[in-house]
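Dear colleague,

I am handing over the structure we spoke about, so that you can look through it yourself before reading my notes. Please open it first and keep it beside you while you read.

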Amino acid sequence: MVLSKTASETDVSVHSTFASRYVRTSLPRFKMPENSIPKEAAYQIINDELMLDGNPRLNLASFVTTWMEPECDKLIMDSINKNYVDMDEYPVTTELQNRCVNMIAHLFNAPLGESEAAVGVGTVGSSEAIMLAGLAFKRKWQNKRKAEGKPYDKPNIVTGANVQVCWEKFARYFEVELKEVKLREGYYVMDPVRAVEMVDENTICVAAILGSTLNGEFEDVKLLNDLLIEKNKETGWDTPIHVDAASGGFIAPFLYPELEWDFRLPLVKSINVSGHKYGLVYAGIGWVIWRSKEDLPEELIFHINYLGADQPTFTLNFSKGSSQVIAQYYQLIRLGYEGYRNVMENCHENAIVLKEGLEKTGRFNIVSKDNGVPLVAFSLKDNKRHDEFEISEMLRRFGWIVPAYTMPADAQHITVLRVVIREDFSRTLAERLVIDIQKVLHELDTLPAKVNAKLAMAEEEEAKSGTVVKKTAIETQREVAAFWKKYVSERKTNRNKIC
C-alpha cells in the first residue's frame, strides 16, 4: 500500500483527450463526480492515464510474474468474481487450494504420511505468510514460557540485515524485537555463526532467507540448522528456524534438488513462498507451509459458520479473490516438475548471458552469485565520476527499469544495480540490455561528474572556513551514495504527487 498524496491545487481535475467524444467536462481528481459518464469515456480516461506507467515486461526491478498463458488468463477472468473465503459456496476452489498446499509441502519435503494432509494456507503474498508464521512462533514460545512460569513479554527474532521489509513490519506490528546480523563488504547474507551467537532464551525463531532480495544468494540453512542444534543441546532451548523462500522456494527444488534447506532439516518448522514470483502466477498469491499440526497453535485458527458450514480460517484478511489460487493450480499441473525445471534453467542461463555481457564491458563487478535466484547484481568498478544511480536514471530513456540501491548496514557504502531474470526475459532482451548499458556508459563518459563537482565545491567552502576535514575514499563513496539515494527518493515523492 502507498500512502496517498494529493497533487497541487492548480491541477485538481482530470482532463480527457479522446474521451471528449463522449464527455466535454473535466472530472474532479480527488472527489467523486456528481454525474455519471458513459462507460466508453471512463475506459478511455483511465486507459490514457495508464499509458504513462512503465512496461511490466521491462520492469527488471520486480520478481513478480508479468506473463501467463492465455488459457490461464481466461481461467482468471472466469473466476474473478468468486470470493476465496466462501468455502461452502465454492467447494472446488477450496479443494484446489488444498491440492496446492499439499503439492508445495511435498515439494519442500514435508514429513507427511501416505494419506496425511499438509498444514498450510494460501495468502495474498509472502508478507502475509510471514506474519502468520511469525505469529505461530510467537504464540508457541509464549505458551511454553507460561507453562514454565517464565517471563514472556520480550520475544525476539534473529535475521540478517538483508531481510525484506515485511520482517521489520512483523516485528513492529506484533511487538517482537528484531535482532539483525549486520552485513559486511563481500558478504551480503546472514552469517549463520553470528546469527546463532545472537540467539537467547527469548528468541522465537531464526529466519533464514532462501534468495536474498539484494543479490539473490541463498543463505546456508543447513549450517544454521547444525549450529542451532548444538546450541539447543547446550542450553536446553528449542529455538526453531523459519525459511523465507519467497524467491527461492520455486527455484531450489528444480535447479538444486540436493541442497538441504527445507523440511529435511529438523529445526525448519515453517516455510513461506511467493506463488507470484517464481511460482509463475500474477501478483496476489503466496503460501505458508508448516512442518506439522503441532507447529501451528490451535488457538490461532478461527472457526466460522455463518457462510453455510464450519470453516477453519487462519489469515490476516478475510475476503479475497479466488483467481490467483486457481492460476497457481493451473501452473502446477500444466508445467509439472519438468516444466518448472525447464523454466528455471532457462532463467538461469539468461542470467549467465547477462552477467558475461556485463563482464565483457570491463566496467562492472558482479555482486550476485551464479547459484541462487536468477538475477544479476552489479556495481561499477570506478564510480568516482559517475555512479549506479545515474545509470539507473538514464536506462529509463530506453524503457528499462533497473533499480540502484545501497546495501544495508554495515555495507551501506556499497551501491549496486540489479536485474531480475524472469520467465519473460529472453536472451535477446539480455543482449539488448547490455548494448543499452554500453550506450549509457559512453554518454556518461562525455558528461562532467555532477556529484563529485558538488562535493568538491562543498570541500572548497569548508577549506575557506577553515573547517575542512580530509575524507577517506569510503566516506566519500558513502556521501555520493547518500546524495543519490536522497535524489531518487525525492523524484519518487514528486511522482507520487501526480495522479
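Below are my notes on one helix, on the strands around it and on the cysteines.

Please bear in mind throughout that this is a predicted model.

I would begin with helix α3, which covers residues 91–107 and so has 17 residues. From its first C-alpha to its last, α3 reaches 24 Å, which is close to the 24 Å expected at 1.5 Å a residue. Within this helix the buried residues are T93, T94, L96, Q97, C100, V101, I104, A105 and L107. What do the buried residues of α3 pack against? Their partners are the strands β3 (119–123), β8 (268–274) and β9 (286–290), together with the helices α8 (252–255) and α9 (323–361). Just after the helix, N109 takes a positive phi of about 60°.

T93 counts as buried because its relative accessibility is 4%, where the cut-off for buried is under 20%. If its neighbours within four places in sequence are left aside, T93 is in contact with K82, S322, V325 and I326.

Among the partners of α3 is the strand β9, and here five of five residues are buried. Both faces of β9 are covered, with G286, V288 and W290 buried on one side and W287 and I289 buried on the other. Which strands pair with β9? β3 pairs with β9 in the antiparallel sense over five bridges, and in this pairing V119 stands opposite W290. β8 also runs antiparallel to β9, and five bridges join the two; here S274 stands opposite G286.

Finally, a word on the cysteines. A disulfide is a covalent bond between the sulfur atoms of two cysteines. How many disulfides does the model contain? Taking a disulfide as a pair of cysteine sulfur atoms within 2.5 Å, the count comes to zero. As for two of the cysteines themselves, C100, which is listed among the buried residues of α3, has a relative accessible area of 0% and is therefore buried. C205 likewise counts as buried, because its relative accessibility is 1%.

With best wishes

Key
Residues numbered from 1 in each chain as written. Predicted model: local features only at pLDDT ≥ 70, side-chain atom pairs only at ≥ 80, totals over all residues. Heavy atoms only, no water. Buried < 20%, exposed > 50% of the residue type's maximum accessible area, 1.4 Å probe, protein only. Helix = DSSP H or I, 4+ residues; strand = E, 2+ residues; numbered from the N terminus. Expected span 1.5 Å × (residues − 1). Contact = heavy atoms within 4.5 Å. Pairing = 2+ DSSP bridges.
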